[in-house]
Amino acid sequence: MFLRKPYEGSSRKLILAFDVGTTFSGISYAILDPGEVPVIRGVSKFPAQEHVGGDNKIPSVMYYDGEGKIRAIGAETQQPHIIEEAVKEGWVKLEWWKLHLRSKHLDASHFSDADLPSLPPGKTAVEVLGHFMGYLYECAKAYITEGHAPILWSSLEGRMELILTHPNGWEGPQQQQIRHAAELGGLIPAGEEGQSRVHLLTEGEASLHFCVTNVLVSETFSAMPIVCTEEPAVEEVPAPENQDHQGVIIIDAGGGTVDLSAYSMKLSPTSFREIAPAECRLQGSVFITYRAHAFLRATLANSKFGNEETLQRIVDIFDRTTKLMFRDADEPQYIQFGGVRDREPEYNIRSGKLKLSGQDVAKLFEPSVEEIIAAFEQQRKAATMPITCVFLVGGFAASDWLYSNLVKYMSSLNITFCRPNQHVNKAVADGAVSFYLDRLVSGRAARFTYGTGCNVMYNQYDSEHASRRSSAFEGFDGLELPYGFEPILTKGTEVSERQEFRKSFIFEEFNRSRCNKLHLDILAYRGKLPNPRWIDEEQDVFTSMCTIRADTSKLAHSMQSNPLPGGGAYYSILIHVILLFGLTELKAQISWRENGAEVRSPAMVVYED
């Protein structure tokens, strides 16, 4: 069993984690008491869902009225009187809105913003996220207050720690948006003090923590090798060459995205290192429904049941039933959408049932299954050790067709494949709290090659330099070439949480008064070259990651005066930008030497929206 350590803090604390999903969302929390072992709990009671015992998630659905006011959220949107009023008043039903926040660098060739439900007039996706998180916050407050006494919440709210999760493919700009939404939703006060209590985490790493604390080190798994909980018998896995460590991949198959994370696993003592860049694919379960809608629209185009209202009802029933229960492509599938008098045999509709061939339904799943396997193979090839075990979690994991296809593929590779059978729908929220408590990951892998643009001193003996001779210009110290790229961190490099990466450069100016601020653009290289040298050769795969900004007024007086050949002088100083890539968010500092000692100053990481 996994043995969590007692809380070592000196005062009581409340930890709250939100899993805001594309289709469903959940909340988990832990109350930390000094000297006691924390217990992770889930919020299982929500408005309009009070009668459902132990349901840890609500739909990520909202209704806005014509004036942009929220009228219903979560399970409230499924109440008959709300649906009736929404139709009568023309309210905007908002679902799948999380995908409006997606990183622009994720491949989305199979859909566009036009395919998503439109945002309410005058509302941004960040504002919608803020509204939704504010609702979750109030739900958590009501649940914890009722279950633990009102004074607990009121006494701990001001120093509560919040863990907010996001897909593996969300990057700095999306993290910045989530932090802003936390302020808009009233989770924290605006400013640095409130933001210091917010911790961002990928859904993949949260899922790892769930698997570790609930499955991997449970009694079932304590006798190596790993077994699969859903198999009727214990399935042994050939022991890897390194008995202490083995490779594991977590597949978090959600509503919008499928996140894959690869780790080196050591169970005694428990520790994990990321061994390949995280993967994220926009092929979650909503895209099965998206393809089903297009297929059914075409199939029923000339049917009397092809009107938009009936079509949507058929799609909704497919989403709730057929999509989850489908398991055999050789058996026909039936969608019961009407009464016994609803029939149109030429469209395979009899007694209110639409008959679909199993092969047609299987085709709706194919792109998602293929993308998951492609992402798995990319991680397996990039991993620094063999993969011996794969875990499937998330809401999409409930699909038997997805599970059976992945089992078949993994079995062909002699890789153990497991779908934990306990509460996988709350894996991310529970795992996020575990992340705060247990910190099981000691190293993370760089997703891209990061660096800066620079001018390069001209070297006449370098053939690439010689081919660029026409673009050379006279710099402070001689001929220089533009469009150079200087890597700071290479893709796939394993980075520990405290490991520092330095970008050293000479700050040069003619006037000291212009040295009060530092702006340094960090670029991400998304191409395939192991050692990219020139930005202008692959401009489309060099993207702006962020800008490091710092107040450098304190170092201006330390700048050295240097004579110019033609008279006059310029000022210079050696500055180091210190970057910490090994955390769940990028952090930065600057440093310089003053009177022989290193001086450090904070720096801001700023992302373009």
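A: Start with the angle classes. Angles under 35 degrees count as roughly parallel, over 145 as roughly antiparallel, 65 to 115 as roughly perpendicular, and the rest as oblique. Keep in mind that this is a predicted model.

Q: At what angle do α8 and α10 pack, and how far apart are their axes?

A: Helix α8 spans residues 286-299 and helix α10 spans residues 358-382. They pack at about 140 degrees, with axes 9 Å apart. α8 and α10 are therefore oblique to each other. Their crossing is right-handed.

Q: Which residues of α8 and α10 meet?

A: From α8 come I288, R291, A292 and F295. From α10 come D360, L364, F365, P367 and S368. By class, this contact of α8 with α10 has six nonpolar, one polar and two charged residues.

Q: α10 also packs on α11. At what angle do their axes cross?

A: Use the angle classes again. Helix α11 covers residues 400-412. The axes of α10 and α11 cross at roughly 40 degrees and come within 10 Å. That makes α10 oblique to α11. The crossing of α10 with α11 is right-handed.

Q: What residues meet between α10 and α11?

A: On the α10 side, they are A362, F365, V369, I372, I373, F376 and E377. On the α11 side, they are W401, L402, N405, L406, Y409 and M410. The class count for this contact of α10 with α11 is eleven nonpolar, one polar and one charged. Look at F365 in α10.

Q: Now α2 and α4. Where do they sit in angle and distance?

A: Helix α4 runs over residues 172-184. The axes of α2 and α4 come within 8 Å and cross at roughly 50 degrees. That makes α2 oblique to α4. This crossing of α2 and α4 is right-handed.

Q: Which residues make the contact of α2 with α4?

A: α2 supplies V126, E127, L129, G130 and M133. α4 supplies Q177, I178, H180, A181, A182 and L184. The contact of α2 with α4 divides into seven nonpolar, three polar and one charged.

Q: What lines the largest cavity?

A: There are 13 lining residues, and the closest to the centre are V20, K98, L129, T165 and I178. L129 and I178 also take part in the contact of α2 with α4.

Q: Which elements give two or more residues to that lining?

A: They are β1 (13-20), α2 (125-148) and β8 (161-166). β8 gives the largest share, three residues. By class, the lining has ten nonpolar, two polar and one charged.

Terms used:
Residues numbered from 1 in each chain as written. Predicted model: local features only at pLDDT ≥ 70, side-chain atom pairs only at ≥ 80, totals over all residues. Heavy atoms only, no water. Axes fitted to C-alpha atoms, helices over the stretch in contact; angles between N-to-C directions. Helix = DSSP H or I, 4+ residues; strand = E, 2+ residues; numbered from the N terminus. Left-handed = near helix turned anticlockwise from the far one by under 90°. Contact = heavy atoms within 4.5 Å. Nonpolar A, V, L, I, M, F, W, Y, C, P; charged D, E, K, R; others polar. 1 Å grid on protein atoms, 1.4 Å probe; cavity = no way out; pocket = protein on both sides within 12 Å on 5 of 7 lines; lining within 4 Å.
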